[in-house]
Amino acid sequence: MKSTTRIIVTSLLLLIAVASPAWAQAKSELTVALSSFSAETLDPALQGHNVKYYLSLMFDYLVGVTPDGQPSQAGGLASKWESSADHRRWTFHLRKGVKFHDGSDMTSEDVKFSLQRAMSKRSTTGYAGPLRTLIADIETPAPDRVVIVLKESTLIIPTYLSRSLSTEGMVLPKKYIEANGDDVFARKPVGTGPYKFVEQVVGSHIKMTAVDNHWRIGVPKYKNVTFKLVPEETTRIALLRRGEADVADVSRERVKELEKEGFPVHMRREEAIIHMWWILGPEGRTPPTRDKRVREALNLAIDRAEIAQSIFGGYAEPAAIPMGLSWAFKEVGFKVTPEMAYPYDVARAKKLLADAGYAGGFTQDVYAFQLPGFAEGKSFAEAVAGYWEKIGVKSKLIPVDYPAFRKQWVDRKAPGAVGYYNIANRDWIGTYALLEKQAYTPSKLNDTVNDPEIDGMIAQVMRQTDREKINALMRNIYTRMRSEHHGVPVVYVHSPYATSKTLGKYNPGAVMYDLFIDELARK
Amino acid sequence: MLRFVLFRLLQSLVALAILSVVVFVLARATGDPLHMILPMNASEEDYANARKYLGLDRPYVEQYFSFVGRAVTGDFGTSIRARRPVIELLRERLPNSLKLAAFAMGASLAIAFPLGVMAAVKKGTGVDRAAQIVAVLGQSLPTFWVAIVLVEFVAGRWQWLPAGGADSLASYVLPGLTLGWFVVAGMMRLLRSGMLEVLDSEYVKLARLKGVAERKVVWVHALKNALIPVVTFAGIYFAILVTTAIVVETVFAWPGLGRLAYDGITSRDFPVIQAVVLTTATIVAAVNLGVDCLYAVIDPRIRYSR
């Protein structure tokens, strides 16, 4: 019996020794633990935006951006670009000598093929629709030159094909895909990025290994990069503590604890706006929120500072502009004035309701759900419902999951009910693209605004080629969104990413759904 | 015996056929997967394109027979979310679930057997009381809580064992113990009560009177006869461990079948939901059949009844 005990104890000690963090990770490894991988598809044409976290390491974009979201001629496969005088022909000059991971050269044919693929009916990327509308033809006059011919004049095409938006600008290998087919490509993707694909286990991890020398990064600092899918935060933090993860997304409530332990926490400031909106009916807004005074009252009834503190642990700022993605404000010269901020004013909210004929209040349906990156979803909905109760609006919380809410929204089956989303912050073109889908009546499906004046301004932005006029239009859209109270902007949330104590300097950037992990590989 | 096995097989096939209809209908009743895979700014045209590309624009009856027709050949279609053949995802996940369940079951047996037998033999003593505390805690503590406590302290703060993943033998310990503790509790109680009953029986008394060593009386004569309910329990629980370890797999980032099912359900990934449900149902049916056959081996009287 004694020998048995000895064996058990020895085995346990061995197990602990083998599992000790010191042996767990070689220095040439970089491990990123994330709570969500989105759809885990490795084909850029079959995804929304979220996959950029890991795809940005394997693929390069036609147009590069700096981590703070500014177009960069040094960061993309196009080393320069110019447009014709009427802004209908855009010429992109490609970098020479760039090779795909299979050894083939990257040429203008690959760019053309990638764009056509991103616009194909099979594509589910975020901006496939606008590109189909915009692009008339793609010409390849030389292997290092591609010309995009547009149906109408616009300034926004380089941004649509850049890293600052979705995946449409990623350049894919034409020959490889044509020779092997889409399915093989989705399983074993080949790009020109600093890391090449090694392995994917859906629901577990994606492994990549460095190329010998990358045109943008040089010799990557880390030999291997692994993205681990770790849904539970306690586990992600345990991985950090054990040195088995170098970067991890964490919740706002664990930030102070981690900082106290010495883990650097990098904030993506104002990463998303928590924005609420009323579902439209088939004919637009329905009473009582058809009345502007009611919409204003519901805005004034919310104590945004308290929500920022109590629900988001102080890592949030009050928001004032419906759909006002703040990363775009500076670009278009928009400033949120003190008068635009919604004060917490219950008395005025009640008066507005009374003036609108709802002194006795009304019943407001509020859909309550969690979202990726917004674990506070349900408690947030409960808090807002609580504020509205104080002005006599009886909020009926409807717990659902997001797909169920989205069905009600796009099918317009619950007019007047409220939903919300943590809309990722983005630059002005991304903001415009969002407005074009969610605040523009002709977009039908996703529209949440239904305002002819805003429709007119949105329609002009696309066709406008004078940047100053575009900026003025964008400023006017924001102003109108605020003055008409087209939604309930609540807070901008900051998103924390904790890193290991040894990782060093890290800038997660200010580009939607991109953490610039590849920049960590720069020596 | 053959007739018995064939009859049970037929029963299982009918159950699977009914289940295929139920899961097909229920999966579609809960929502549209396109709301998950298409971006928030998708247009009506985007929806129509995706629906056509994924074959979701066909009539339900056509979709069902297409699904069943391919499923019998092992082709469960392509995951709407991951865009890979579902059979590949099953091949990646099922072995992980089986390995974790086997580890958890092995650990449970190793703990529950000596604990259950000793609790019965030393009834009313400190050993018995300690065993009962283990059982009560195992069955009352929520699995997610146990899992998070183990990750937070054993893995995160004390750094004794890995926090997640399925990379090494050490990484099996925490999820295996979390899963296995509940099974230990149930198995130990069953074994204790079975042993108490058997130890009080006439043939055990006779064995003792004949001078058979107490160790042999307990571990051979009594234990074998107390095993039948434990075998049933272990069989059923093994299937449950394989198929429903969603919480443990999520906390420990274990790439198993449970999380595949969960991800499938939350993203309305019909082919994955259908494949996982049918696979797990097949596992449960097979294990039940195996347990029934094992009965006949342990207790020869059973093979003569149907």
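Figure 1. A:His87 is not a glycine, yet its phi is positive, at about 60 degrees. With a relative accessible area of 18%, A:His87 is buried, a word that stands for under 20% relative accessible area, with exposed over 50% and partly exposed in between (1.4 Å probe, protein chains only). A note on what you are looking at: this is a predicted model, where local features need pLDDT of at least 70, side-chain atom pairs count only at pLDDT 80 or more, and totals for chains, interfaces and linings use all residues. Residues are numbered from 1 along each chain as its sequence is written, chains are lettered from A and ligands numbered from 1 in the order in which they are written, and side-chain values use heavy atoms, with hydrogens and water left out.

**Figure 2. Four strands of chain A make an open sheet.** The 4 strands line up in the order 4-5-7-6, with antiparallel pairing; two strands pair if DSSP finds at least two bridges between them. Strand 4 and strand 6 (135–142) are at the edges with a single partner strand each, so one side of each has no neighbour in the sheet. On average, neighbouring strands here are turned by 20 degrees against each other, direction ignored. Further in, strand 5 and strand 7 (residues 145–150) of chain A pair in the antiparallel sense over 5 bridges. Look for A:Arg89, which stands opposite A:Val149 in strand 7.

**Figure 3. Helix 4 of chain A lies across the sheet strands.** Helix 4 (residues 108–119) lies across strand 5, strand 6 and strand 7 of chain A, and runs at about 165 degrees to strand 6. Axes are lines fitted to C-alpha atoms, for helices over the stretch in contact, and angles run from 0 to 180 degrees between N-to-C directions.

**Figure 4. Two helices of chain A cross at roughly 135 degrees.** The axes of helix 17 (residues 428–438) and helix 18 (residues 452–463) of chain A come within 10 Å. The two helices are therefore oblique to each other (angles under 35 degrees count as roughly parallel, over 145 as roughly antiparallel, 65 to 115 as roughly perpendicular and the rest as oblique). From helix 17, A:Trp428, A:Tyr432, A:Leu435 and A:Glu436 meet A:Ile458, A:Val461 and A:Met462 in helix 18; contact means heavy atoms within 4.5 Å. Sorted by type, the residues of this contact come to 6 nonpolar, no polar and 1 charged (Ala, Val, Leu, Ile, Met, Phe, Trp, Tyr, Cys and Pro count as nonpolar, Asp, Glu, Lys and Arg as charged, and the others, Gly among them, as polar).

Figure 5. A cis peptide bond, with omega about 0 degrees, joins A:Pro287 and A:Pro288. A:Pro288 belongs to the loop between strand 12 (265–278) and helix 11 (292–300). Elsewhere, A:Arg412 is in the loop between helix 16 (402–410) and strand 16 (418–424). A:Arg412 has a positive phi near 55 degrees and is buried, with a relative accessible area of 18%.

**Figure 6. Helix 13 of chain B is mostly covered.** In helix 13 (residues 257–266), 7 of the 10 residues are buried, among them B:Leu257, B:Leu260 and B:Asp263. Just after this helix, B:Arg268 takes a positive phi of about 55 degrees. Chain B has 14 helices and 0 strands.
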